[in-house]
Amino acid sequence: MEYYIRTEPDVNIYVHDLNPNGKKTILFIHGWPLNHRAFEYQFNKLPAMGFRCIGMDTRGFGKSSKPYSGYTYNRIADDIRGVVNALGLRNFVLGGHSMGGAAAIRYMSRYNGFGVSKLALFGAAAPSLTQRPGFPYGLPKENITQIIESSLRDRPQMLRDTAPMFFTKPITQSQSDWFFQLAFEASGTATAACAVTFRDENLFSDLGKIQVPTLIMHGIHDKVCLYPLAVAMNQGIRNSVLVPFENSGHALFFEEQDKFNRELVRFIG
């Protein structure tokens, strides 16, 4: 089933709801600069195992509205709450990749984890994607600034340059095309504005507010959200477990999809 859920007067969020009568519900939040279709290899396996899988395109990406503003973690968390309310979700698993993982963490702190029974983070951009005083584990801020400037100048080339960072091995032309097609459905405004958000915002104070069991899955070769971020999340989130993916980079749900699906199913129970 497909829905458009209005979260602001001029913003409609696209939602793809697979197996609505499934035994347990997982709401997936995609990362930058992709959309819900990045989870293709979860959506074609987990519903057959009895799970309800919901993918939403965050504002500015995929089939959702593409307003000029609203690309902060707070606003994206508000959009998640709008989807949760509209679908009446309760006792569900919230899962997020990359910037989607950061947005999921902000949802947990901003709304006290409303409706969420468990949290799953995949290569999440938290607690800070960039290096900060006292936190040397992220990327240099100037690296993200270069991506922002490149996106505003030549977004197709920026995407071609960024795609290899998502994978641990050299990618095929088909993989590059897949990444490019998903990413180019986004608006240029959202692509740049979200990069500003994950460059400048942080979630250090959010981690301690998470009260539900949390699974952290992270590729040890991740070149976008470096593996020490996963260690920091594991230390900052009570009742969390960290599962390293030895043969993955940032796209662990694609590169080790069988292990990813198995670990997620085991965690959900």
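User: What makes the set around Leu27, Leu94 and Met233 a nonpolar core in this predicted model?

Analyst: A nonpolar core is a set of buried residues of nonpolar kinds, joined through side-chain atoms within 4.5 Å. The largest such set here has 93 residues, and Leu27, Leu94 and Met233 are those with the most contacts inside it.

User: Why is helix 3 called mostly covered?

Analyst: Buried means under 20% relative accessible area, and 11 of the 12 residues of helix 3 are buried; among them are Ala104, Tyr107 and Met108. Helix 3, residues 99-110, reaches 16 Å from its first C-alpha to its last, close to the 16 Å expected at 1.5 Å a residue. Asparagine 112, which follows the helix, has a positive phi, near 55 degrees.

User: How do you know that strand 1 and strand 2 pair?

Analyst: Pairing requires at least two bridges, and strand 1 (residues 2-8) and strand 2 (residues 11-18) have six bridges in the antiparallel sense, so they pair.

User: Why does the radius of gyration of the protein chain agree with a compact globule?

Analyst: With 269 residues, a compact globule would have a radius of gyration near 18 Å, and the protein chain has 17 Å, so the two agree. Buried residues make up 59% of the protein chain.

Technical notes. Residues are numbered from 1 along each chain as its sequence is written. This is a predicted model: local features need pLDDT of at least 70, side-chain atom pairs count only at pLDDT 80 or more; totals for chains, interfaces and linings use all residues. Side-chain values use heavy atoms; hydrogens and water are left out. Helices (H or I, at least four residues) and strands (E, at least two) are DSSP runs, numbered from the N terminus. Buried means under 20% relative accessible area, exposed over 50%, partly exposed in between (1.4 Å probe, protein chains only). The expected span of a helix is 1.5 Å times one less than its number of residues. The radius of gyration is taken over C-alpha atoms; the globule rule is 2.2 Å times the number of residues to the power 0.38.
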